[in-house]
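Let's take a friendly walk through this model. Have your viewer open, and follow along from one element to the next.

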Amino acid sequence: MLRAVVCLPTYNERENLEPMLRALGDKGVRVLVVDDSSPDGTGELADRLAAELDYVGVLHRERKEGLGPAYLAGFRRALAEDAELILEMDCDFSHNPADVPRLISAAEAGADLVLGSRYAPGGSIGDWGLLRRIVSAGGSWYARLLLGVGIRDLTGGFKCYRRRVLETIDLEAIDSKGYAFQIETTYRALRAGYRVVEVPISFADRTQGSSKMSKTIFLEAVWRVPVLRSRAIAGRL
Ligand SMILES: Nc1nc2c(ncn2[C@@H]2O[C@H](COP(=O)(O)OP(=O)(O)OP(=O)(O)O)[C@@H](O)[C@H]2O)c(=O)[nH]1
Ligand SMILES: [Mg+2]
């Protein structure tokens with residue numbers, strides 16, 4: 001199997017971290033926890049678990065700056081560590097660790113970027129209320145339409161990149177923080193001509209800890225999509 005590193009961003013995920021790391025233990029992957037100095041002690045817990053579990057590493061960052069910068073730091077470390085596949089997933093069990101091998105298989109079968117997709121045929125979302133459903137499905141639809149791409153789930157955070165994708169798309173130029181980060185990385189991969197494949201997943205609601213989703217994150221995605229498109233038209237992306 002190709003050498004795979006899962007980047008696992010955490011902010012106040014004390015209840016979820018240990019079960020998540022143990023659930024990933026038999027998947028043949030390395031796990032890089034990227035913790036932004038969580039006040040609840042997630043970072044210290046990660047260090048203790050890394051001392052016990054040889055497949056776990058920890059990257060401590062000083063401040064909470066959003067998911068985008070946390071992922072970029074994780075990607076750079078994973079690339080430096082010779083990973084061939086770099087995955088991203090949430091640490092709240094919304095993404096099922098049992099799906100990791102399916103994403104990896106799709107990459108091994110030839111995809112350059114694999115998206116765990118809630119909106120591909122066979123995919124599903126948990127018990128979200130009507131508003132959250134509309135916002136999420138509407139967001140993917142809006143981005144898909146404005147960017148002119150065929151991807152159904154542009155905002156999901158369960159992904160597997162071939163090393164070459166992250167080496168090609170200009171990581172330094174990405175300054176999106178929230179959902180926009182997911183849209184931007186996938187769009188850049190498509191623009192660079194890479195093969196992007198959606199694998200259906202069942203997305204579950206978190207049961208432990210609390211969501212960091214905010215209105216700012218949502219609004220950032222709304223304004224960044226036309227900006228991305230206009231940059232692409234101007235040949236700057
Ligand atoms: N390092 C780091 N991790 C973060 C940050 N914000 C969120 N996370 C982590 O990113 C993952 C996704 O965040 P969530 O709070 O679940 O956000 P979400 O999945 O968009 O929203 P929900 O569906 O409501 O849970 C979780 O593992 C969080 O702990 C951040 O600023 N820094
Ligand atoms: Mg979540």
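Helices (H or I, at least four residues) and strands (E, at least two) are DSSP runs, numbered from the N terminus. Contact here means heavy atoms within 4.5 Å.

Before going on, a word on the ground rules. This is a predicted model, in which local features need pLDDT of at least 70 and side-chain atom pairs count only at pLDDT 80 or more, while totals for chains, interfaces and linings use all residues. Residues are numbered from 1 along each chain as its sequence is written, chains are lettered from A and ligands numbered from 1 in the order in which they are written, and side-chain values use heavy atoms, with hydrogens and water left out.

Two strands pair if DSSP finds at least two bridges between them. Strand 2 and strand 3 pair in the parallel sense over five bridges, with V34 opposite L59. Strand 4 (residues 85-88) and strand 6 (residues 159-162) are antiparallel partners over four bridges, and there L87 stands opposite C160.

How much of strand 3 is buried? Four of its five residues are, so strand 3 is largely enclosed by the rest of the structure. Buried means under 20% relative accessible area, exposed over 50%, and partly exposed in between (1.4 Å probe, protein chains only).

Next, the ligand. Ligand 1 has 19 residues around it, of which E13, D36, D92, S211 and K212 come nearest; a residue counts as near if one of its heavy atoms lies within 4 Å. A backbone N or O atom of V34 lies 3.0 Å from a nitrogen atom of ligand 1, and a polar backbone atom of T10 is 3.2 Å from a ligand nitrogen. The side chain of D90 places an N or O atom 3.1 Å from an oxygen atom of ligand 1.

The loops deserve a look too. S37, between strand 2 and helix 2 (42-52), has a positive phi near 50 degrees although it is not a glycine, and is partly exposed at 41% relative accessible area. F93, in the loop between strand 4 and helix 4, has a positive phi near 65 degrees. D99 lies in the loop between strand 4 and helix 4 (100-108) and is buried, at 11%. D99 touches F158 and I201, not counting residues up to four places away in sequence.

Finally, ten of the 13 residues of helix 7 are buried, so helix 7 is largely enclosed by the rest of the structure. Just after helix 7, G193 takes a positive phi of about 90 degrees.

Conventions: Polar contact = N/O pair within 3.5 Å; in protein donor to acceptor, adjacent residues only side chain to side chain.
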